[in-house]
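Please read the following report with the chain open beside you, and look up each part as the text comes to it.

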Amino acid sequence: MAPPMEELGNDFINRLISEYYKDAKYLAPERMSEREFGVGNYDIKIAYRHMSFGYENALRSYLSANSVPYVSCSAAYYRFPAGRPMEAKGWLGSELVFDLDADDMELDCQKVHGSRWVCRNCFTKVREETIKLVYDFLIPDFGFSEKDIRVNFSGNRGYHVHINRENVLQLDGASRREISNYIAGIGMEFGEFFPTAGIRGTTLVGPKPSDTGWKGKIARNFLSNLNAGVDSMMGMGIDRSMATKLYRKKSLIEMGIRNGNWDMVYIKNKADFWKRILDRQAVSQSDRIDKNVTNDPTHLIRLPNTIHGGTGLVAARLREPRALYSFDPMRDAIAFRKGHVRISAKTDYELYMGGQRYGPYGGEINVPTYVGVYLYLKGYAKILREV
Ligand SMILES: [Zn+2]
């Protein structure tokens, strides 16, 4: 009897990674020689750091020769990027970076499929969140333009947004925290926005849609829910009878709010109303201490256009922020496009990759290499052989 054939493991993935990097393009970040790099293995995403690369070719050869499954680089620029300890590097400035991950969004679908699986809803929601960050905050409130903003897929289930305009480079940790709190809607009080609330005999004065910053967002958000109808308003914590009444008088209410007069709106459960309006408008960012890139100017983050060793996808940089509207990571960030593999898989849900549906699986099947690798790295399949 022939011995059972050996499965393909990390060696197979390493070979694909090595091939990928041989002619990978756009690996060099801006001011590459001033950045610190870190590389990882399948167990630890950053196993070695304090590395530096002077040229794109040096990096490309290193990644290919060592089949590196994770590569990160600093948001910071240093005089001596390989220096250690950190103080010896000579910090010159840091990009402002935002890290958005579907796992931080408390999505209902994740309660069903867990955080390892990433479904289409996860991808859609985190993409919408990134669009909100760029187009509701970074551009209108902070005055950045699209060309200041670089967006890349994280390689798994999120997006990274980098800003390297001159005036953000010197921001310290506290200022970065202030920016991320503002975007997350942290520290805002109802009373600041409705100064006359609770004072008898006064008009309820509130934000106008034409206001800048959070005030305008709150007014516009309320008006869009008002116009969307009763269910939308109930979603904001307004009860059905009140929502129905408001909807009937919506033209009058809208006219009032356009002038900052909220007296046509009876806000009964203020706290609830307030929480919901903020939740809808704020951007959920990663607040896990170990990966809060926005607040920590020395953090390392995935190098755009490199492989994510937990998925086999590319942390693909988008041509421009606007490309978010049509970007699909499971179509646009596929790395290993060649060939097919036979896998033994166990999945409970459908997977969409390269415009096709795969699974659910409970057994052996031939699939494109990128599907097999994705399921293998996620822990849902064994790769039996190339076919
Ligand atoms: Zn999901």
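Two strands are said to pair if DSSP finds at least two bridges between them. Within this pairing, Leu 300 in E9 is the bridge partner of Ser 74. E3 is also joined to strand E1 (residues 37-40), by four bridges, and these two strands run antiparallel; here Tyr 70 in E3 is the bridge partner of Gly 40.

This model is predicted, so local features are taken at pLDDT of at least 70 and side-chain atom pairs at pLDDT 80 or more, while totals for chains, interfaces and linings use all residues. Residues are numbered from 1 along each chain as its sequence is written.

For the chain as a whole, the secondary structure comes to 14 helices and 14 strands, and the C-alpha atoms fill a box of roughly 90 × 55 × 30 Å along the principal axes. Buried residues make up 37% of the 387 residues. Of the contacts with a separation of 6 or more, 63% are between residues 24 or more positions apart, a contact being two residues whose C-beta atoms, placed from the backbone, lie within 7 Å.

Another part of the chain holds an open sheet of three strands in the order E6-E8-E7, with antiparallel pairing. Its edge strands are E6 (96-101) and E7 (149-153), each of which pairs on one side only. Neighbouring strands of this sheet are turned by 15° against each other on average, direction ignored. Six bridges join E6 to strand E8 (residues 158-163), and in E8 the bridge partner of Asp 99 is His 160.

The largest nonpolar core has 70 residues, and those with the most contacts inside it are Leu 133, Val 161 and Leu 375. A nonpolar core is a set of buried Ala, Val, Leu, Ile, Met, Phe, Trp, Tyr and Cys residues joined through C-beta atoms within 7 Å. Helix H14 (residues 369-377) gives the largest share of this core, seven residues. Leaving aside residues up to four places away in sequence, Val 161 touches Val 97, Phe 98, Thr 130, Leu 133, Val 134, Ile 149 and Val 151.

Helix H8 (residues 213-228) and helix H12 (residues 270-281) pack at an angle of about 100°, with their axes 10 Å apart. That makes H8 roughly perpendicular to H12, a term used for angles of 65 to 115 degrees. On the H8 side, Lys 217, Ile 218, Asn 221 and Phe 222 meet Ile 277, Arg 280 and Gln 281 in H12.

| Peptide bond | Form | Omega |
|---|---|---|
| Arg 84 to Pro 85 | cis | near 0° |
| Gly 359 to Pro 360 | cis | near 0° |

Pro 85 lies in the loop between strand E4 (76-78) and strand E5 (91-94), and Pro 360 is found in the loop between strand E12 (356-358) and strand E13 (362-368).

Phi of His 50, a residue other than glycine, has a positive value near 60°. His 50 lies in strand E2 (residues 48-51) and is partly exposed, with 17 other C-beta atoms within 10 Å. Phi of Glu 106, again in a residue other than glycine, is positive and near 50°. Glu 106 lies in the loop between E6 and helix H3 (108-113), and counts as exposed, with 10 C-beta neighbours inside 10 Å.

Notes: Buried ≥ 20, exposed ≤ 12 C-beta atoms within 10 Å, placed from the backbone. Axes fitted to C-alpha atoms, helices over the stretch in contact; angles between N-to-C directions. Parallel < 35°, antiparallel > 145°, perpendicular 65-115°, else oblique.
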